[in-house]
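Hi,

Here is the structure I said I'd pass on to you.

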Amino acid sequence: MAPPPAVMAEMISDSWLSQAITVAARLRIADTLAAGPLAVDALATRVDADPDALHRMLRALVSRGVFRRRGDGRYELNALGRTLQSDVPGSMAGLARFKGSRQHREHWSLLEEAVRTGKSTIPMLRGQDGFDYLASEPELADDFNQAMTSFSELAVGPVVAAYDFSAYPTIVDVGGGHGRLLAAVLAATPGARGVLYDLPHVVAGAGDLLRAHAVDSRVRIAAGSFFDGVPAGGDAYVLKNVVHDWADDQALAILRNIRTVAGDTASLLLVESVIPRHERESVGKWLDLEMLVATSARERTANEYRDLLARAGWAMRRVISTPSPFSIVEAMPAI
C-alpha cells in the first residue's frame, strides 16, 4: 500500500543494489567469508578495501538480505551471500561481475536508442557486433562465459526432470558449449548416446566436463558452425539458449540447417525463456530487453516460436514449462 512515487523511487534505486552486488563479487567478499565470519577491518584488509566504505556497502547489502552481520559485529555468509562464491553450485558471481561491468552498463545506457531503432547498442558504441566485441575483451568474455555457465545450471535439473529423453537413442546438442546439459541428459538416460556440436574453440574444452560426469564414452564431439550445417543422424536435436541469440533471419538459417539433416521422425527441443501471455513480471520479459541491447535478437512467445518454426519446416507440438525460467519448445518435422 505504499504511495506510487515511493514504489517508483525504490524501483529506480534498484540499480544501486545491483551495483553493490557486483562490487561484492569483484572484491570476492563471499570467497573471503567462506572460511568464517570476519570483522570489517580484517575483511577490508583481505579484499583490499577501505574499512569504512566497505562497512557502509555491507550495511546496505545486509539490509536487503545479502550477507549477515552477527551480534558481535562480524560479517558472515547467508544463503544469498553464498551464491556470490566463485566455485559453488549455483554461483552467481560471474553473472554479477558481467552485469555490473562498466562495459555492460554502457551498453544499457543506450537503451533509448535501442528502443527507437530496434537495434543493438553495441555496434553503436564499439563498431562491432556483440559476439565480436566480447572476443576482443578477454576479461569481460571470461565473466560472460562464467555467467552463462552458472545461469545454465538453473536450467539443467528442471529441464531433465520435466522431459523424458529416453525415446531418443541419439541426442545432438547443437551449440552445446562444454556439454553441461547433454551430460545431465545422458546421465538420466543411460541407453542414449550424444553428439556435442559447437565451434572448434568451444568444444576443445568439453572433454574434462564430460569425463567429470562420466558420460565421455557416450559422446562424440563435433566441431563446426550451425550456420554452415549440423551433424546428421540425431533422433533429437537440442538447442539451449541458442535461438534467442539471433534475429529471425539467422534463427531461421539455424533451424533450416537442422531440418535439412533431421529425419521425419526426429524431434527438435528448444530450451528457452518463453515469454508468457500474462501481464505479470517474468524473467523472460527482461531477458528480451537484454537480447535487444546485446545482439538485436529477442526472446519469443509461444506463438512467435510456432510461426518461426513453421517457416523453417517444423511443426510445434507443445511448450513444456519447468520450475526454472526456462521452458522446452518441442517440435517435429512438418510433413
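Below is what turned up, starting with an annotated site and moving on to the aromatic rings.

Keep in mind that this is a predicted model.

Let's begin with H244. An unreviewed UniProt entry gives this residue the feature "active site". You'll find H244 in the loop between strand 6 (236-240) and helix 15 (248-261). Is H244 buried or exposed? Its relative accessibility is 10%, and buried means under 20%, so H244 counts as buried. Apart from neighbours within four places in sequence, H244 is in contact with E272, M291, A297, R298, E299 and R300.

Now the rings. The count comes to seven aromatic pairs. One of them is F98 with F144: the ring centres are 5.2 Å apart and the planes are at 65°, so this pair is edge-to-face. F98 belongs to helix 6 (residues 93-99) and F144 to helix 11 (residues 138-162), so the pair ties together parts that are 46 residues apart in sequence. F98 is buried too, with a relative accessible area of 7%.

Another edge-to-face pair is F226 and W246, at 6.4 Å centre to centre with 85° between the planes. F226 is in the loop between strand 5 (219-223) and strand 6, while W246 is in the loop between strand 6 and helix 15, 20 residues apart. F226 counts as buried at 13% relative accessibility, and W246 does at 19%. Ring pairs also link F131, F226, F227 and W246 into a cluster.

One last thing to look up: the charged end of R259 sits over the ring of W314, 5.9 Å from its centre.

Cheers

Note on methods: Residues are numbered from 1 along each chain as its sequence is written. This is a predicted model: local features need pLDDT of at least 70, side-chain atom pairs count only at pLDDT 80 or more; totals for chains, interfaces and linings use all residues. Side-chain values use heavy atoms; hydrogens and water are left out. UniProt positions are given in the numbering used here, feature names are shortened, and annotations may be inferred rather than shown by experiment. Helices (H or I, at least four residues) and strands (E, at least two) are DSSP runs, numbered from the N terminus. Buried means under 20% relative accessible area, exposed over 50%, partly exposed in between (1.4 Å probe, protein chains only). Contact means heavy atoms within 4.5 Å. Rings of Phe, Tyr and Trp (its six-membered ring) pair if their centres lie within 6.5 Å; planes under 30 degrees apart count as stacked, over 60 as edge-to-face and the rest as tilted. A charge sits over a ring if NZ of Lys or CZ of Arg is within 6 Å of the ring centre and within 35 degrees of the ring normal.
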